[in-house]
Amino acid sequence: MLYLALVQNQEILGEISLQLLACQNSDDTWALLSEECFLTLPKDFAQNQINSATNVLNEGMLLLAIVDENSQVVDIQSATDWVLELVEKYLTTGFTPDFFQKEAQKAENWRQSLTLQSQELSRRLIEVEARREQIQNLEIKLQQEKQLLKSSIDQLKISPATPPL
């Protein structure tokens, strides 16, 4: 897992530890760590990394650290390029936290509006179905009355005419 870490030198013990600040989620989002978490680098690991990375691990330096499932640091690299990329992508184009918060509020307002519209459409659909049922019932009733009238007319045609008085 990829972490953003802060270098902490412990001069008394001659060790270098990393304070883990945030971790990358599987969907390329990041989460701040709520509890302080420190990992100590083995002395040979730090020496190998310093030689290969051309950077010295100074206290306060930000790093990107890959940590395995056993909480062992597998690889580290300077976070400078990563931070600069974030600044370039998001802070130079007006995408501030306030902007994202406003956009999130707009999206929430749209969601609520769409929910209300959906509820209104559902209500109207129920009304239309109720009216359709009423119309069908009226049609059946009219058919029955029509049949009754037709049979009454047929009855009158069949029955012998009554002589006038």
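Ala, Val, Leu, Ile, Met, Phe, Trp, Tyr, Cys and Pro count here as nonpolar, Asp, Glu, Lys and Arg as charged, and the others, Gly among them, as polar. The legends below describe a predicted model.

**Figure 1. The largest pocket and its lining.** The largest pocket holds about 430 Å³ of space. It is lined by 15 residues, of which Asp28, Trp30, Trp82, Leu86 and Tyr90 are the closest to its centre. Sorted by class, the lining has 10 nonpolar, 2 polar and 3 charged residues. Helix α2 (80–91) and helix α3 each supply at least two lining residues. The most comes from α2, which gives 7 residues to the lining.

**Figure 2. The largest nonpolar core.** This core has 16 residues. Those that touch the most other members are Val7, Leu18, Leu57, Leu63, Val73 and Ile76. Two or more residues each are given by β1 (2–10), β2 (15–24), β3 (30–41), β4 (62–67) and β5 (73–78). Strand β2 provides the largest share, 4 residues. In soluble globular proteins, nonpolar side chains tend to be buried together.

Figure 3. Tyr3 is part of strand β1. Its relative accessible area is 15%, and because the cut-off for a buried residue is under 20%, Tyr3 counts as buried. Beyond its neighbours within four places in sequence, Tyr3 is in contact with Leu20, Ala22, Cys23, Trp30, Leu33, Leu63, Leu64, Ala65 and Val67. Gln19 lies 16 residues from Tyr3 along the chain, and the C-alpha atoms of the two are separated by 9.6 Å.

**Figure 4. Helix α1 and the confidence of the model.** The protein chain has a mean pLDDT of 84, with 85% of its residues at 70 or more. Confidence is lowest in helix α1 (residues 43–53), where the mean is 56. It is highest in helix α3 (residues 97–158), at 94. Over residues 50–54 the pLDDT stays under 50. For these residues the model has 3 contacts beyond four places in sequence.

Figure 5. The protein chain contains 3 helices and 5 strands. In sequence order they follow the pattern β-β-β-α-β-β-α-α. Of the 165 residues in the chain, 16% are buried. Among contacts with a separation of 6 or more, 41% are between residues 24 or more positions apart.

How values were computed
Residues numbered from 1 in each chain as written. Predicted model: local features only at pLDDT ≥ 70, side-chain atom pairs only at ≥ 80, totals over all residues. Heavy atoms only, no water. pLDDT = per-residue confidence, 0-100. Contact = heavy atoms within 4.5 Å. Core = buried A, V, L, I, M, F, W, Y, C linked by side-chain atoms within 4.5 Å. Buried < 20%, exposed > 50% of the residue type's maximum accessible area, 1.4 Å probe, protein only. 1 Å grid on protein atoms, 1.4 Å probe; cavity = no way out; pocket = protein on both sides within 12 Å on 5 of 7 lines; lining within 4 Å. Points joined across faces, edges and corners; volume = space filled by probe spheres on them.
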